[in-house]
Amino acid sequence: MKDQESAAMPQLLTEGQVAAMTGLAIKTLQNWRSKRTGPAFVKLGAAVRYRADEITRWIDNLPSTGAAA
């Protein structure tokens, strides 16, 4: 039963992990949070965490700036 519970729990990332995987500065993530923009986040007490699947979804929904073929 415990394995099923941990499998259902989303992977939570720190702002440092999100910054490293996106190439963004931690300060940028902090600024976006204060402006209610950027990727969705959760607060666990004083800790800020990002759901890994939400980061992927957020990136997938960013507008493409590449040139059209």
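A crossing is left-handed if the near helix is turned anticlockwise from the far one by less than a right angle, and right-handed if clockwise. This model is predicted: local features need pLDDT of at least 70, side-chain atom pairs count only at pLDDT 80 or more, and totals for chains, interfaces and linings use all residues. Residues are numbered from 1 along each chain as its sequence is written, and side-chain values use heavy atoms, leaving out hydrogens and water.

**View 1. Helix H2 crosses helix H3.** The crossing is right-handed. H2 spans residues 15-22. Helices are DSSP runs (H or I, at least four residues), numbered from the N terminus. H2 and H3 pack at about 115 degrees, with axes 9 Å apart. Axes are lines fitted to C-alpha atoms over the stretch in contact, and angles run from 0 to 180 degrees between N-to-C directions. The two helices are therefore roughly perpendicular (65 to 115 degrees).

**View 2. Residues of H2 meet residues of H3.** From H2 come Glu 15, Gly 16, Val 18 and Ala 19. Their partners in H3 are Ile 26, Leu 29, Gln 30 and Arg 33. Contact means heavy atoms within 4.5 Å.

**View 3. Arg 33 lies buried in H3.** Its relative accessibility is 13% (buried means under 20%, exposed over 50%, partly exposed in between, with a 1.4 Å probe and protein chains only). Leaving aside residues up to four places away in sequence, Arg 33 touches Glu 15, Phe 41, Val 48 and Tyr 50.

**View 4. Lys 27 is exposed.** Lys 27 sits in H3, residues 26-35. Its relative accessible area is 53%. Glu 15 is 12 residues away in sequence and 9.4 Å away in space, C-alpha to C-alpha.

Terms used
Angles under 35 degrees count as roughly parallel, over 145 as roughly antiparallel, 65 to 115 as roughly perpendicular and the rest as oblique.
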